[in-house]
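Reader: I have a model open and would like to walk through it. Can you take my questions as they come?

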Amino acid sequence: MPKVLISDKMDPKAAEIFRARGVEVDEITGKTPEELKAIIGEYDGLAIRSSTRVTQEILDAATNMKVIGRAGIGVDNIDIPAASAKGVVVMNTPFGNSITTAEHAIALMFALARQLPQADASTQAGKWEKSKFMGVELTAKTLGLIGAGNIGGIVAERALGLRMKVIAYDPFLTEERAIELGVEKVNLETLLARADFITLHTPLTDQTRNILSAENLAKTKKGVRIINCARGGLIDEAALKQGLESGHIAGAALDVYATEPAKENALFGTPNFISTPHLGASTTEAQVNVAIQVAEQMSDYLVSGGVTNALNMPSLSAEEAPRLKPYMALAEKLGSLVGQLAHGPLKSVAIETEGAAAELNQKPITGAVLAGLMRSYSDTVNMVNAPFLAKERGLDVREVRHDREGDYHTMIRVTVNTDEGDRSVAGTLFSDAAPRLIELFGIKVEADLVGHMLYVVNEDRPGFIGSLGSLLGEEGINIGTFHLGRRAAGGEAVLLLSIDDNAGPDLLNKVKALPGVKTAMALAF
Ligand SMILES: NC(=O)c1ccc[n+]([C@@H]2O[C@H](COP(=O)([O-])OP(=O)(O)OC[C@H]3O[C@@H](n4cnc5c(N)ncnc54)[C@H](O)[C@@H]3O)[C@@H](O)[C@H]2O)c1
Ligand SMILES: O=C(O)[C@H](O)COP(=O)(O)O
């Protein structure tokens with residue numbers, strides 16, 4: 001039974017779903033990194049929010065980890081390259097808390113426009129400062145969105161309902177989507193110069209870090225009000241403080257900080273500054289949504305191999321996964337076979353599918369071929385990290401789907417190119433589930449690729465099979481299955497034998513010494 005750790009506070013629905021789907025679950029929150037390192041090796045999955053930091057060190061200790069699920073959107077607390085290199089799937093729930101977070105941004109915009117927290121504190125302190133709290137209307141004001149994805153798009157819809165004018169800076173926003181949203185697409189300079197309110201809705205990346213720098217804040221309209229419900233690090237906090245103190249910035253409301261938890265921050269106490277403790281996603285509805293989603297997605301992966309909302313591998317629905325499984329097994333075996341047989345550095349790999357295999361999602365098939373192929377380079381390779389490893393090694397990967405009827409109802413062919421030229425193997429599924437090799441380096445040979453195998457290339461001549469059989473008998477090697485193929489009578493022949501134990505160097509040398517043998521190799525599947 002797979003076992004998952006929930007290490008951040010999460011709605012109880014998550015644990016309920018894990019258990020209902022046959023996944024054991026522990027909820028242990030508030031651990032230090034050292035404490036987490038000590039226990040993480042027990043778990044196949046880790047469900048988190050934004051508090052747990054999944055670093056390289058934690059991943060190194062996570063010896064059984066298969067999947068990390070973020071019950072929320074931002075994944076900047078996870079070292080994704082390190083997870084990918086380790087073959088761990090990272091998934092998030094990209095829509096579960098978007099409405100809630102957009103509503104928080106709108107709430108902060110109102111709070112800024114009418115100084116609600118300050119007026120509340122003053123009134124409850126027994127002052128009646130009616131003339132102090134003069135606000136501004138939102139109607140007809142310009143809202144500048146930096147980032148117009150899921151949350152930015154919802155904020156835009158709500159702001160248009162408030163009769164605001166919405167302008168957006170987002171290099172990936174298409175003209176069509178801008179029209180659909182009813183926003184004007186502008187560049188950053190224009191947004192800074194025109195917006196009465198600016199709200200940030202981008203992830204924190206190298207491009208967005210400090211996007212509201214001191215220089216950019218100086219370009220904003222005097223009296224601008226700024227909201228950040230996205231990520232700390234998007235705004236230069238010191239420059240924001242200066243802008244608030246000088247009066248150039250009329251107000252700022254932050255939900256997120258460069259350093260969290262922000263128990264101390266220079267901005268605290270600055271005039272017209274409003275703060276919430278990373279509450280963007282904190283509604284009952286959003287927390288139930290993300291808890292259910294993350295538990296369903298992680299259980300799907302651990303129990304049936306379904307992949308949804310993964311950030312480091314292609315999606316594979318829970319319905320698709322069982323159908324693809326035998327094809328992936330065949331693809332991995334073919335990748336492994338050609339990987340073991342090809343010599344010299346791999347330059348390219350072509351994965352061709354025909355018949356039923358061509359109608360399936362190709363990405364998992366490619367991932368499985370690459371996993372098999374790269375296994376000779378690393379024991380920890382799997383479908384998640386194989387494409388990254390392949391890219392790292394500069395391997396050119398090509399997928400070709402053939403729309404033609406072949407001899408088999410389904411076929412996968414893997415061709416690798418090395419200094420020796422092209423080497424190709426092909427296979428099919430028998431009775432829809434059993435992977436079977438059908439062609440090896442241009443020679444028709446049918447074989448199951450299982451366990452320990454002996455691969456022999458020899459000149460097709462009478463008596464050879466007998467002498468090989470006798471040698472194996474003398475060496476005490478039991479033959480499980482025996483598969484023979486040849487280019488033409490008297491030409492090159494290929495033998496694939498499944499044997500009970502690994503063929504060691506001594507045996508291989510003796511096989512190579514038999515008359516007519518060109519190559520002998522041990523294979524393992
Ligand atoms: N405060 C919270 O509790 C809370 C809750 C949910 C999400 N978030 C954060 O909100 C942010 C937005 O989430 P989302 O779901 O809308 O993400 P999203 O991926 O749907 O949208 C992000 C948008 O940012 C745009 N973008 C990327 N680089 C940009 C750049 N250099 N300049 C301008 N735009 C750029 C993208 O094109 C995209 O449209 C994320 O950082 C997420 O972590 C915070
Ligand atoms: O990216 C997110 O989903 C938000 O930052 C929410 O974070 P939280 O789950 O820690 O509230």
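Predicted model: local features only at pLDDT ≥ 70, side-chain atom pairs only at ≥ 80, totals over all residues.

Reader: Which domains does the assignment give?
Author: Domain 1 is 3–95 + 285–304, domain 2 is 98–275, domain 3 is 319–441 and domain 4 is 450–525. The bounds come from an automatic or database domain assignment.

Reader: How far apart are the C-alpha centres of domain 3 and domain 4?
Author: They lie 25 Å apart. The contact involves five residues of domain 3 and four residues of domain 4, where contact means C-beta atoms, placed from the backbone, within 7 Å. On the domain 3 side, helix α13 (residues 320–341) has the largest share, with four residues. Helices here are DSSP runs of H or I with at least four residues, strands are runs of E with at least two, and both are numbered from the N terminus.

Reader: What does UniProt have on it?
Author: An unreviewed entry puts "domain: ACT" at residues 452–515. That span is 30% helix and 38% strand, with its end C-alpha atoms 24 Å apart. The unreviewed annotation "domain: D-isomer specific 2-hydroxyacid dehydrogenase NAD-binding" covers residues 106–280. There the chain is 34% helix and 17% strand, and the end C-alpha atoms are 11 Å apart. UniProt positions follow the numbering used here, feature names are shortened, and annotations may be inferred rather than shown by experiment.

Reader: Ligands next. How many residues surround ligand 1?
Author: 31 residues do, the closest being Gly74, Gly149, Ile151, Phe172 and Gly280. A residue belongs here if its C-beta atom, placed from the backbone, lies within 6 Å of the molecule. Domain 1 and domain 2 each supply at least three residues of this shell.

Reader: Which helix gives the most to that shell?
Author: α7 does, with three residues.

Reader: And its make-up by class?
Author: The shell around ligand 1 has 13 nonpolar, 15 polar and three charged residues. Ala, Val, Leu, Ile, Met, Phe, Trp, Tyr, Cys and Pro count as nonpolar, Asp, Glu, Lys and Arg as charged, and the others, Gly among them, as polar.

Reader: Which residues are around ligand 2?
Author: Among them are Arg49, Ser50, Asn97, His278 and Ser282. By class, the shell around ligand 2 has two nonpolar, seven polar and one charged residues.

Reader: Where is leucine 173?
Author: Leucine 173 is in the loop between β7 (165–169) and α8 (175–181). Beyond four places in sequence, its contacts are Ala148, Ala168, Ala178 and Lys185.

Reader: Why does leucine 173 count as partly exposed?
Author: Because leucine 173 has 19 C-beta neighbours inside 10 Å. Buried takes 20 or more other C-beta atoms within 10 Å, exposed 12 or fewer, and partly exposed is in between, with C-beta atoms placed from the backbone.

Reader: Last one: what does β13 pair with?
Author: Strand β13 (residues 348–355) runs parallel to strand β14 (residues 396–402), joined by seven bridges. Strand β15 (residues 410–418) runs antiparallel to β13, with eight bridges. Pairing requires at least two DSSP bridges between the strands. Glutamate 354 stands opposite histidine 402 in β14, and glutamate 352 stands opposite arginine 413 in β15.

Terms used
Residues numbered from 1 in each chain as written. Chains lettered and ligands numbered in written order. Contact = placed C-beta atoms within 7 Å.
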